[in-house]
Amino acid sequence: MKRLVFDTEHNDFRELVRTFLAKEVLPHYEQWEKDGAVSRDVWLAAGRHGLLGLAAPEEFGGGGTSDFRYSAIIAEEVAGAGAAGLALGLHNDMVGAYLIGLSNEEQKKRWLPGFCSGEKIGAIAMTEPGGGSDLQGIKTHAEDHGDHWLLNGSKTFISNGILADLVVVVAKTTPEGGSRGLSLLVVERGMEGFERGRNLDKLGQKAQDTAELYFNDVAVPKENLLGELNGAFLHLVTNLATERLHIAAAAIAVAEHLLDITKRYVKEREAFGRPLAKLQHVRFEIAEMATECAVTRTFVDRCIVDHANGELDAVHASMAKWWATELQKRVTDRCLQLHGGYGYMNEYPVARAFVDGRVQTIYGGATEIMKEIIGRSLLS
């Protein structure tokens, strides 16, 4: 089905993203997988191509547009290229949502030029070793010391944790406030007491640096409070829909890409003297996956349009994230099975997609949490 989401400018932008990936990413990706992190040079290249800070004002070097369709294009193309370790979406849509949406004018002048050029890489530190997705269980805390906050605690599973120059930290600023006593503090590279742990050894997405972060009496200037004091819960809830839609957009793009690869493979690969595509079981597998992808694509595209129009709500974003990521997991597994032994070989894209994509149903809110959000909205 013809997609009706994008116009000429969006299609031109897609070609720009593809050119960037072909020139600046794919030739180096294998080495980044071995290194456990992408090069800082690729972030600078992304800045030169205009792929960072899409929603930031043009005066700070940004794209000056809040149209989520541009972000969706980046998500789709990065996913289709098998470059899951390049966290442009995290930088733009998750960290950027806070820095751009909540910064005052002084903070914008201080942070956004580097954020848009790729000189300052962003991360958000929410998850803690014992807390998971439970905001009320956050133990990282900041005490008011007059002209600064004294920050103590630790975070884990932080994407961009090794490379990050600006880390948006969720911390408890009012001990008795529960989830309503949390604030966002921006910790900058080089602050005394800010330490990075090991680059975590993950199942997939090896090129994505993911770290433990430690804050030991870090003096965070009062000027680095982002948004309202004790307002982090509302800020986080407001922006989670964008994160989840970004994940959903990447998920359906991966599923469609793997389906295309597998269709070509079963036409070429022979068993029992004829192509696999001649076997009824294989045709049924392809038919089922193609139909599920088409239905999912229609819903995700509708969510993209709603987001671009400022109409996407948390429930539909949760639906998109749950359904698309679970579909990605199913399609990846079935495509690998149709590849047979070759699907288990790392040089085949389906093998990398199998390990890279497994986390999709976990981060950004696990499938079970998405169902809880949806269920509560229907039954409360």
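Predicted model: local features only at pLDDT ≥ 70, side-chain atom pairs only at ≥ 80, totals over all residues.
**Entry 1: the whole chain**

I began with the inventory: the chain has 11 helices and 10 strands. Its radius of gyration comes out at 21 Å, close to the 21 Å from the globule rule for 380 residues, so I wrote it down as being as compact as a globular protein of that length. Along the principal axes, the C-alpha atoms fill a box of roughly 80 × 50 × 40 Å.

Next I looked up burial, and 52% of the 380 residues count as buried. I also checked how far along the sequence the contacts reach. Taking contacts between residues at least 6 apart in sequence, 74% join residues at least 24 apart.

**Entry 2**

On to the helix pairs. Two packed helices are described by the angle between their axes and the distance between the axes, so I noted both each time.

Helix α8 covers residues 280–308, and its axis lies 10 Å from that of α7, at an angle of about 155°. That angle is over 145, so α7 is roughly antiparallel to α8. I have the crossing of these two down as left-handed.

I then listed who meets whom. From α7 the contact takes in Thr242, Leu245, Ala248, Ala249, Ile252, Ala253, Ala255, Glu256, Leu259, Thr262, Lys263 and Val266, and from α8 it takes in Val282, Ile286, Met289, Ala290, Cys293, Thr296, Arg297, Val300, Cys303, Ile304 and His307. Sorted by class, that contact of α7 with α8 holds 16 nonpolar, four polar and three charged residues.

**Entry 2: α5 against α7**

I stayed with α7, which runs over residues 232–268, and turned to α5, residues 88–102. Their axes come within 10 Å and cross at roughly 155°. α5 and α7 are therefore roughly antiparallel to each other. Which hand does the crossing of α5 and α7 have? I put it down as right-handed.

On the α5 side, the contact residues are Gly89, Asp93, Met94, Ala97, Tyr98 and Leu102; α7 supplies His235, Leu236, Asn239, Thr242, Glu243 and His246. By class I get five nonpolar, five polar and two charged for the contact of α5 with α7. Going back over my lists, I see Thr242 of α7 in the contact with α5 and also in the contact with α8.

I noted a left-handed crossing for α9 and α11.

In α9 the contact uses Val315, Ser318, Met319, Lys321, Trp322, Thr325 and Glu326; in α11 it uses Thr367, Met370, Lys371, Ile373, Ile374 and Ser377. The contact of α9 with α11 splits into six nonpolar, four polar and three charged residues.

I also looked at Glu368, which is in helix α11. Is Glu368 buried or exposed? Its relative accessibility is 58%, so Glu368 counts as exposed. From Glu368 to Trp322 I have 8.4 Å, C-alpha to C-alpha, across 46 residues of sequence.

**Entry 3: Arg14**

I went to helix α1 (residues 8–25) for Arg14. With a relative accessible area of 11%, Arg14 is under the 20% cut-off and so is buried. Which residues does Arg14 touch, leaving aside neighbours within four places in sequence? I found Arg3, Phe6, Ile73, Glu76 and Glu77.

**Entry 4: positive phi**

Phe157 has a positive phi of about 60°, and its place is in strand β3, residues 148–159. Phe157 is exposed, with a relative accessible area of 58%.

For Gln205, phi is near 45°, again positive in a residue other than glycine. I located Gln205 in the loop between β6 (194–199) and β7 (210–221). Gln205 counts as buried, at 8% relative accessibility.

**Entry 5: Leu279**

My last stop was Leu279, in the loop between β10 (274–275) and α8. Leu279 has a relative accessible area of 23%, so I marked it partly exposed.

Conventions
Residues numbered from 1 in each chain as written. Heavy atoms only, no water. Left-handed = near helix turned anticlockwise from the far one by under 90°. Helix = DSSP H or I, 4+ residues; strand = E, 2+ residues; numbered from the N terminus. Contact = heavy atoms within 4.5 Å. Nonpolar A, V, L, I, M, F, W, Y, C, P; charged D, E, K, R; others polar. Axes fitted to C-alpha atoms, helices over the stretch in contact; angles between N-to-C directions. Parallel < 35°, antiparallel > 145°, perpendicular 65-115°, else oblique. Rg over C-alpha atoms; globule rule 2.2 N^0.38 Å. Buried < 20%, exposed > 50% of the residue type's maximum accessible area, 1.4 Å probe, protein only.
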